[in-house]
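Here's a quick briefing to read with the model open. Take a look at the fold before going through the notes.

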Amino acid sequence: MSSPIILASGSEIRRRLLENVGVPIRVDPVRVDEQSIRAAMLADNAAPRDIADALADAKARRGSSRYPDALVLGCDQVLDAAGTILGKPTDAEEARAQLALLNGREHRLISAAVIYSGGSPRWRHVGSVTLQMRKASDAWLDDYVMRNWHSIRHSVGGYKLEEEGARLFRRIDGDYFTVLGLPLLEILGYLSETEVLSG
């Protein structure tokens with residue numbers, strides 16, 4: 001690979017996942033008005049998968065305007081709790097409220113990834129995982145948020161499955177990388193098929 005992929009996201013876990021499998025990347029997060037995009041699409045009764053895709057597309061497109069000759073990867077994730085769409089909590093109280101909504105119930109995480117080059121989309125993927133949360137006591141959830149707020153503040157739903165948040169769950173149906181917000185196997189497949197990655 002002659003030049004790195006631009007990761008238009010500040011997510012530490014996405015960066016680590018790509019680096020761990022040998023994908024050369026350069027991290028340059030972009031800013032898009034996620035709340036406005038999400039609100040407009042919800043007002044139009046858009047499906048959760050379309051919202052995730054639109055957010056990832058907006059990031060990749062914005063990144064591609066900075067790096068027109070590079071491959072730019074934009075990613076986003078939304079949580080669908082029986083039609084209620086959750087984003088990243090703004091504070092510990094909102095994280096606790098999200099966990100209360102999910103407690104003992106099933107929800108879906110939808111992760112989208114879009115690759116742009118030359119200002120145009122070249123590839124996209126939207127993956128979905130269904131998660132069944134255990135019924136936890138209010139006191140345990142209070143303590144969980146207090147112990148983990150610094151780590152979970154950037155995570156939709158107020159949990160991280162790769163950390164103590166795994167204790168919240170009874171069952172997960174789907175791809176683990178999609179839970180982490182990066183459909184890694186599909187990205188690697190695209191990069192290999194297009195000979196961006198060798199091997």
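Predicted model: local features only at pLDDT ≥ 70, side-chain atom pairs only at ≥ 80, totals over all residues.

Residues are numbered from 1 along each chain as its sequence is written, and side-chain values use heavy atoms, with hydrogens and water left out.

- Strands here are DSSP E runs of at least two residues and helices are H or I runs of at least four, numbered from the N terminus.
- β3 (71-81) is mostly covered, with 11 of its 11 residues buried (under 20% relative accessible area, 1.4 Å probe, protein chains only; exposed is over 50%, partly exposed in between).
- Strands pair if DSSP finds at least two bridges between them; β3 has 10 with antiparallel β5 (residues 106-117), where V78 faces I110.
- β1 (residues 5-7) runs parallel to β3 with 2 bridges, and I6 partners V72.

- D69 is in the loop between α3 (48-66) and β3, and counts as exposed at 77% relative accessibility.

**Rings**
- Of aromatic pairs, there are 4 (Phe, Tyr or Trp six-membered ring centres within 6.5 Å; planes under 30 degrees apart are stacked, over 60 edge-to-face, the rest tilted).
- Y159 and F169 are edge-to-face, because their centres are 4.8 Å apart and their planes at 65°.
- Both Y159 and F169 are buried.
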